[in-house]
Amino acid sequence: MRKVLSLAAAFVASTAILAVPAQAAELPDGMTAGYTVLDRETGAVHAANEHRQYRSASLVKLFIALDYLESHGPDYEIPADDLALLEPMLRSSNDYAASVLWVRDGWEEIVNRMVAKIGLTDTAPPPAEKRGTWGYTAVSAADIAKTYQYILEDAHPKFRDFIMDNLEQFTKCGDDGFDQSFGIPSALRRPGAVKQGWSGFGAAPAPGEECVSEDTKRVLASPEARSALAVASSGDVDLTSRVMHTSGTADGDRRIVVVLTSEPTTLSWADSADRITDLTRAVYREALA
């Protein structure tokens, strides 16, 4: 059973947010960042550039999963074939699963429904000419934090538990072969649920940077998966930046942590991962200070 806010804490969280002035962490050359740390018990927020928009990369998978669940209702028993899409999409950031559900459930209308349902202000679907590229959805740290807050506090308990339990079972290796243990998993002592995002690093890791589990090998062996991954990745490539995002919870779901970053294309995956991990650690320490 997930932790429920006390009445006092819920009152604080539902009224004026206790904003902590952010001592914006010093960023390395070429990095931009927007971040939010929300304490669900006190309502305190530590944030900087939290409304800056970034392309979502795989963070949009939170919307895809939540929209699927809410569209079917709490009495719906998820078929095995759909579980085989939803679970790896949430745990291992499977792009093939996201592409199937994106097309089947309405493309950009998934994002539009989530914007209206949650009350997001910085989120928008991909441009019309890129409607098939779900990773081009625009998001902000504030909106992703608000999405987690909705899942934890407003969504049906069945939906909350399904999404958060799967995110807590995140795998070290993403299903595209990238190591998704950067940011929250590596920076925080008590990480909880985790959803990562990255884009612009290519369809596969550079030699020597692979993170290949047995599940990843099985996924990448499928011609259909390879085709879907190529389509999903090609549209996400930004000629001026790469993006790497970390989001989730910490300390028993007490805190929601979202760190969105862009990086120059000259940096390797490993260097970008180290930089967002260092930033996440610094931001979280500032939030607790």
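Where is the place of tyrosine 148? The legends below begin with that residue.

**View 1. Tyrosine 148 sits in helix α6 (residues 141-153).** This is a predicted model, in which local features need pLDDT of at least 70 and side-chain atom pairs count only at pLDDT 80 or more, while totals for chains, interfaces and linings use all residues. Residues are numbered from 1 along each chain as its sequence is written, and side-chain values use heavy atoms, with hydrogens and water left out. Helices (H or I, at least four residues) and strands (E, at least two) are DSSP runs, numbered from the N terminus. Tyrosine 148 is buried, with a relative accessible area of 0%. Buried means under 20% relative accessible area, exposed means over 50%, and partly exposed lies in between (1.4 Å probe, protein chains only). Leaving aside neighbours within four places in sequence, tyrosine 148 is in contact with Leu62, Met164, Leu167, Lys195, Ser247, Gly248 and Ile256. Contact means heavy atoms within 4.5 Å. Isoleucine 163 is 15 residues from tyrosine 148 along the chain, and their C-alpha atoms are separated by 9.9 Å.

**View 2. The whole chain holds 11 helices and eight strands.** The chain has 289 residues, and buried ones make up 54% of them. Take the contacts between residues at least 6 apart in sequence: 74% of these join residues at least 24 apart.

**View 3. Helix α2 (residues 61-72) crosses helix α7 (residues 157-168).** Two packed helices are described by the angle between their axes and the distance between the axes. Here the axes come within 10 Å and cross at roughly 150°. That makes α2 roughly antiparallel to α7. Axes are lines fitted to C-alpha atoms, for helices over the stretch in contact, and angles run from 0 to 180 degrees between N-to-C directions. Angles under 35 degrees count as roughly parallel, over 145 as roughly antiparallel, 65 to 115 as roughly perpendicular and the rest as oblique. The crossing of α2 with α7 is right-handed. A crossing is left-handed if the near helix is turned anticlockwise from the far one by less than a right angle, and right-handed if clockwise. From α2, Leu62, Ala65, Leu66, Leu69 and Glu70 take part; they meet Phe159, Phe162, Ile163 and Leu167 of α7. By class, this contact has eight nonpolar residues, no polar ones and one charged. Ala, Val, Leu, Ile, Met, Phe, Trp, Tyr, Cys and Pro count as nonpolar, Asp, Glu, Lys and Arg as charged, and the others, Gly among them, as polar.

**View 4. Helix α2 also packs with α3.** Their axes are 10 Å apart, at an angle of about 145°. This crossing is left-handed. Lys61, Ile64, Ala65 and Tyr68 of α2 make the contact with Asp82, Leu86, Met89 and Leu90 of α3. Six of the residues are nonpolar, none is polar and two are charged.

**View 5. Aspartate 39 lies in strand β2 (residues 32-39).** Is aspartate 39 buried or exposed? Aspartate 39 is buried, with a relative accessible area of 8%. Its side chain joins that of arginine 254 in a polar contact of 2.8 Å. A polar contact is a pair of N or O atoms within 3.5 Å; within protein, one must be able to donate a hydrogen and the other to accept it, and residues adjacent in sequence count only if both atoms are side-chain atoms. The side chain of aspartate 39 also reaches the backbone nitrogen of threonine 42, at 3.2 Å.

**View 6. Glutamine 180 is in the loop between α7 and α8 (184-187).** Glutamine 180 is buried, with a relative accessible area of 2%. Its side chain reaches the backbone oxygen of threonine 171 at 2.7 Å. Beyond neighbours within four places in sequence, the contacts of glutamine 180 include Arg91, Ser93, Gln196 and Trp198.

**View 7. Serine 93 is in the loop between α3 (80-92) and α4.** Serine 93 has a positive phi of about 55°, although it is not a glycine. Serine 93 is buried, with a relative accessible area of 1%. At the start of α4, a side-chain oxygen of asparagine 94 reaches to within 3.1 Å of the backbone nitrogen of tyrosine 96. Glycine 106 follows α4, and its phi is positive, near 120°.
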